[in-house]
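Please look through the sequence and the structure before you read the solutions.

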Amino acid sequence: MNLRSLALAAATAASLLLAPAAHADNKDIATDEMAGYLEFVDYGGGVIFAEQIPKDEWPKMVVIDARDAGQFAKGHIPGAINMDWRQVLAKRDSIPKNKPVLIYCNTGSLSAQAGFALRVAGWENVRILQGGMEEWKAKGGFDATAKATAPAKH
(Lines give C-alpha, C1' and ligand atoms only; values in the text may rest on other atoms or scores of the structure.)
Protein backbone atom coordinates (compact mmCIF):
# COMPACT_ATOMS: atom_id res chain seq x y z
CA MET A 1 0.00 0.00 0.00
CA ASN A 2 1.53 3.31 -1.02
CA LEU A 3 1.52 6.47 1.09
CA ARG A 4 -1.31 8.06 -0.90
CA SER A 5 -3.59 5.04 -0.46
CA LEU A 6 -2.74 4.86 3.21
CA ALA A 7 -3.58 8.55 3.68
CA LEU A 8 -6.88 8.13 1.83
CA ALA A 9 -7.80 5.10 3.94
CA ALA A 10 -6.92 6.97 7.15
CA ALA A 11 -8.99 9.99 6.13
CA THR A 12 -11.95 7.80 5.23
CA ALA A 13 -11.74 5.92 8.53
CA ALA A 14 -11.46 9.14 10.49
CA SER A 15 -14.48 10.66 8.77
CA LEU A 16 -16.53 7.53 9.47
CA LEU A 17 -15.51 7.54 13.12
CA LEU A 18 -16.15 11.25 13.58
CA ALA A 19 -19.44 11.41 11.66
CA PRO A 20 -21.64 10.13 14.49
CA ALA A 21 -20.09 12.62 16.92
CA ALA A 22 -20.58 15.49 14.48
CA HIS A 23 -24.18 14.40 13.89
CA ALA A 24 -24.81 14.28 17.64
CA ASP A 25 -23.27 17.74 18.05
CA ASN A 26 -25.52 19.15 15.29
CA LYS A 27 -28.57 17.52 16.85
CA ASP A 28 -27.66 19.01 20.23
CA ILE A 29 -27.23 22.45 18.68
CA ALA A 30 -30.61 22.21 16.93
CA THR A 31 -32.27 21.03 20.13
CA ASP A 32 -30.70 23.88 22.11
CA GLU A 33 -31.92 26.41 19.52
CA MET A 34 -35.47 25.07 19.68
CA ALA A 35 -35.43 25.01 23.49
CA GLY A 36 -34.23 28.62 23.57
CA TYR A 37 -36.97 29.65 21.17
CA LEU A 38 -39.67 27.92 23.21
CA GLU A 39 -38.52 29.67 26.38
CA PHE A 40 -39.14 33.12 24.94
CA VAL A 41 -41.78 32.74 22.22
CA ASP A 42 -45.04 34.57 22.72
CA TYR A 43 -47.96 32.43 23.85
CA GLY A 44 -49.48 31.01 20.69
CA GLY A 45 -46.17 30.81 18.84
CA GLY A 46 -47.03 33.24 16.09
CA VAL A 47 -50.51 31.91 15.42
CA ILE A 48 -53.08 34.39 14.15
CA PHE A 49 -56.79 34.00 13.41
CA ALA A 50 -58.33 35.16 10.13
CA GLU A 51 -60.56 37.62 11.98
CA GLN A 52 -57.47 39.32 13.44
CA ILE A 53 -56.32 40.42 9.98
CA PRO A 54 -58.19 43.49 8.69
CA LYS A 55 -58.95 43.40 4.97
CA ASP A 56 -56.59 46.31 4.25
CA GLU A 57 -53.65 44.47 5.87
CA TRP A 58 -53.67 41.50 3.47
CA PRO A 59 -51.95 43.34 0.58
CA LYS A 60 -49.11 44.35 2.96
CA MET A 61 -48.23 40.73 3.73
CA VAL A 62 -46.31 38.01 1.96
CA VAL A 63 -48.77 35.12 2.04
CA ILE A 64 -47.32 31.63 1.66
CA ASP A 65 -49.51 28.67 0.81
CA ALA A 66 -47.55 25.74 2.28
CA ARG A 67 -49.59 23.04 0.55
CA ASP A 68 -48.41 21.03 -2.43
CA ALA A 69 -48.72 22.42 -5.96
CA GLY A 70 -51.81 20.33 -6.74
CA GLN A 71 -53.76 21.68 -3.79
CA PHE A 72 -52.58 25.22 -4.56
CA ALA A 73 -53.81 24.87 -8.16
CA LYS A 74 -57.29 23.83 -6.94
CA GLY A 75 -57.64 27.08 -4.99
CA HIS A 76 -55.70 29.37 -2.70
CA ILE A 77 -55.89 32.70 -0.95
CA PRO A 78 -55.59 35.32 -3.71
CA GLY A 79 -52.08 36.75 -3.85
CA ALA A 80 -50.48 33.77 -2.10
CA ILE A 81 -47.30 32.17 -3.35
CA ASN A 82 -46.92 28.40 -3.26
CA MET A 83 -44.06 26.97 -1.22
CA ASP A 84 -44.42 23.41 0.02
CA TRP A 85 -44.06 23.34 3.82
CA ARG A 86 -41.05 21.02 3.57
CA GLN A 87 -39.20 23.59 1.44
CA VAL A 88 -39.47 26.74 3.55
CA LEU A 89 -35.99 26.46 5.03
CA ALA A 90 -34.43 25.55 1.69
CA LYS A 91 -36.15 28.61 0.15
CA ARG A 92 -35.78 30.91 3.16
CA ASP A 93 -33.68 33.42 1.23
CA SER A 94 -36.81 34.33 -0.74
CA ILE A 95 -38.83 35.00 2.44
CA PRO A 96 -38.47 38.59 3.68
CA LYS A 97 -37.70 39.47 7.28
CA ASN A 98 -38.77 43.11 6.91
CA LYS A 99 -42.51 42.70 6.30
CA PRO A 100 -45.28 40.50 7.69
CA VAL A 101 -45.33 36.92 6.44
CA LEU A 102 -48.41 34.71 6.80
CA ILE A 103 -48.16 30.98 6.17
CA TYR A 104 -51.08 28.59 5.85
CA CYS A 105 -52.05 25.09 4.71
CA ASN A 106 -55.45 23.32 4.75
CA THR A 107 -55.99 23.20 8.50
CA GLY A 108 -52.91 24.79 10.04
CA SER A 109 -50.93 21.75 11.14
CA LEU A 110 -48.30 21.60 8.37
CA SER A 111 -47.94 25.36 8.16
CA ALA A 112 -47.42 25.39 11.94
CA GLN A 113 -44.41 23.12 11.46
CA ALA A 114 -43.04 25.29 8.67
CA GLY A 115 -43.71 28.46 10.66
CA PHE A 116 -42.00 27.01 13.72
CA ALA A 117 -38.93 26.15 11.63
CA LEU A 118 -38.78 29.66 10.18
CA ARG A 119 -39.26 31.31 13.57
CA VAL A 120 -36.49 29.19 15.11
CA ALA A 121 -34.32 30.18 12.13
CA GLY A 122 -34.85 33.87 12.95
CA TRP A 123 -37.98 34.96 11.07
CA GLU A 124 -39.81 36.76 13.87
CA ASN A 125 -42.24 38.27 11.34
CA VAL A 126 -43.90 34.93 10.45
CA ARG A 127 -47.46 34.22 11.55
CA ILE A 128 -49.33 30.95 11.08
CA LEU A 129 -52.97 31.17 9.99
CA GLN A 130 -54.94 29.26 12.63
CA GLY A 131 -57.22 26.72 10.98
CA GLY A 132 -55.63 27.25 7.58
CA MET A 133 -57.48 27.67 4.31
CA GLU A 134 -60.58 25.85 5.56
CA GLU A 135 -61.14 28.12 8.54
CA TRP A 136 -60.24 31.23 6.50
CA LYS A 137 -63.01 30.38 4.01
CA ALA A 138 -65.50 29.46 6.74
CA LYS A 139 -64.91 32.77 8.55
CA GLY A 140 -65.42 34.89 5.45
CA GLY A 141 -61.98 35.09 3.85
CA PHE A 142 -60.73 38.65 3.53
CA ASP A 143 -63.93 39.81 5.23
CA ALA A 144 -63.42 37.68 8.38
CA THR A 145 -62.66 40.73 10.53
CA ALA A 146 -65.77 42.57 9.37
CA LYS A 147 -67.93 39.50 9.93
CA ALA A 148 -66.48 38.94 13.41
CA THR A 149 -67.04 42.56 14.48
CA ALA A 150 -70.46 43.04 12.88
CA PRO A 151 -73.40 43.49 15.25
CA ALA A 152 -75.24 40.27 15.97
CA LYS A 153 -78.39 39.69 13.93
CA HIS A 154 -81.40 38.78 16.06
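**Exercise 1. Which residue forms a salt bridge with Asp65, and are the two partners buried or exposed?**

Solution. Begin with the pairing: in this predicted model, Asp65 forms a salt bridge with Arg67, and the closest N and O atoms are 2.7 Å apart. Next, turn to accessibility, where buried means under 20% relative accessible area. Asp65 has a value of 0% and is therefore buried, and Arg67, with 7%, is buried as well.

**Exercise 2. Classify both partners of the salt bridge between Arg86 and Asp84 by their accessibility.**

Solution. The first step is again the distance, which for the closest N and O atoms of Arg86 and Asp84 is 3.3 Å. The second step is to set each residue against the cut-offs, under 20% for buried and over 50% for exposed. Arg86 has a relative accessible area of 57%, so this residue is exposed, whereas Asp84, at 18%, counts as buried.

**Exercise 3. Where do Glu134 and Lys137 lie, and how many residues apart are they?**

Solution. Locate the two residues first: both belong to helix H4, which covers residues 132-138, and they are 3 residues apart, about one turn of the helix. Then check the side chains, which form a salt bridge whose closest N and O atoms are 3.9 Å apart, a value that still falls within the 4 Å limit.

**Exercise 4. How many salt bridges are counted, and which residues are linked in a network?**

Solution. Applying the rule gives a count of 7 salt bridges.

**Exercise 5. Describe the place of Lys99 and name the residues with which Lys99 is in contact, leaving aside its neighbours within four places in sequence.**

Solution. Start from the secondary structure, where Lys99 sits in the loop between strand S3 (81-82) and strand S4 (101-104). With a relative accessibility of 34%, Lys99 counts as partly exposed. Once its neighbours within four places in sequence are set aside, Lys99 is in contact with Lys60, Val62 and Asn125. For one of these contacts, Val62, the C-alpha atoms are separated by 7.4 Å, although Val62 and Lys99 are 37 residues apart along the chain.

Terms used. Residues are numbered from 1 along each chain as its sequence is written. This is a predicted model: local features need pLDDT of at least 70, side-chain atom pairs count only at pLDDT 80 or more; totals for chains, interfaces and linings use all residues. Side-chain values use heavy atoms; hydrogens and water are left out. Buried means under 20% relative accessible area, exposed over 50%, partly exposed in between (1.4 Å probe, protein chains only). Contact means heavy atoms within 4.5 Å.
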